[in-house]
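Hi there,

Here is the structure I promised to pass on. Have a look at it first, and my notes follow below.

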Amino acid sequence: VQLQASGGGLVQAGNSLRLSCTASGRTFSSYTMGWFRQPPGKEREFVGVVNWNGNNIHYADSAKGRFTISRDNAVNTVYLQMNSLKPEDTAVYYCAAGRTIATMGHLYSYWGRGTLVTVSS
C-alpha cells in the first residue's frame with residue numbers, strides 16, 4: 001500500500017482545513033487508517049484512527065471535538081477534517097495503514113509522506 005497525504009497549508013487560528021490521504025492498491029478497505037502528526041522539534045504523536053469500515057473511530061484528546069476522521073473506500077481515501085485550528089496544531093501530518101486500532105505508530109505497516117499544516121496566531 002502506498003499512501004499520499006495532501007491538503008496541508010497555512011491557515012489562521014480558528015479556521016479549518018481538510019487533509020486527504022489516498023492509497024494505491026486494491027486492499028485499502030481492509031486496513032485500519034491512522035493519522036499522526038509531528039510538531040516542529042517534537043516527537044510524532046497520535047491524532048486519530050478509523051477502522052476498515054469507518055464505524056470505529058478514536059481520537060487523541062487534543063483532537064476530540066475539533067477533528068473528524070472519515071473514509072471513503074470507494075476512492076481509497078481517508079480524510080482528516082480539522083476545525084478550530086490552533087497554533088499548537090502546527091505539524092507535519094502523516095497517514096498510516098495498519099491491521100489494528102492502535103495509537104502507537106510502530107503498529108502501522110505503511111506510512112505516507114507527510115503534509116505540513118501551519119496555523120498562524
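Is Asn73 buried, partly exposed or exposed? Asn73 is partly exposed, at a relative accessible area of 25% (buried means under 20%, exposed over 50%, partly exposed in between, with a 1.4 Å probe and protein chains only).

A word on the source: this is a predicted model, where local features need pLDDT of at least 70 and side-chain atom pairs count only at pLDDT 80 or more, while totals for chains, interfaces and linings use all residues. Residues are numbered from 1 along each chain as its sequence is written, and side-chain values use heavy atoms, leaving out hydrogens and water.

Asn73 sits in the loop between strand 7 (67–72) and strand 8 (77–82); strands are DSSP runs of E, at least two residues, numbered from the N terminus. Not counting residues up to four places away in sequence, Asn73 touches Phe28, Ser29, Trp52 and Asn53 (contact means heavy atoms within 4.5 Å). Ser29 is 44 residues away from Asn73 in sequence, yet their C-alpha atoms are 5.4 Å apart. A polar atom of the Asn73 side chain lies 3.0 Å from the backbone oxygen of Trp52.

Now to strand 5 (45–50). Five of the six residues in strand 5 are buried. Strand 5 runs antiparallel to strand 4, with five bridges joining them, and Trp35 has Gly48 as its bridge partner. Three bridges join strand 5 to strand 6 (residues 57–59), also antiparallel, and here Val50 partners Ile57.

Happy browsing!

Terms used. Helix = DSSP H or I, 4+ residues; strand = E, 2+ residues; numbered from the N terminus. Polar contact = N/O pair within 3.5 Å; in protein donor to acceptor, adjacent residues only side chain to side chain. Pairing = 2+ DSSP bridges.
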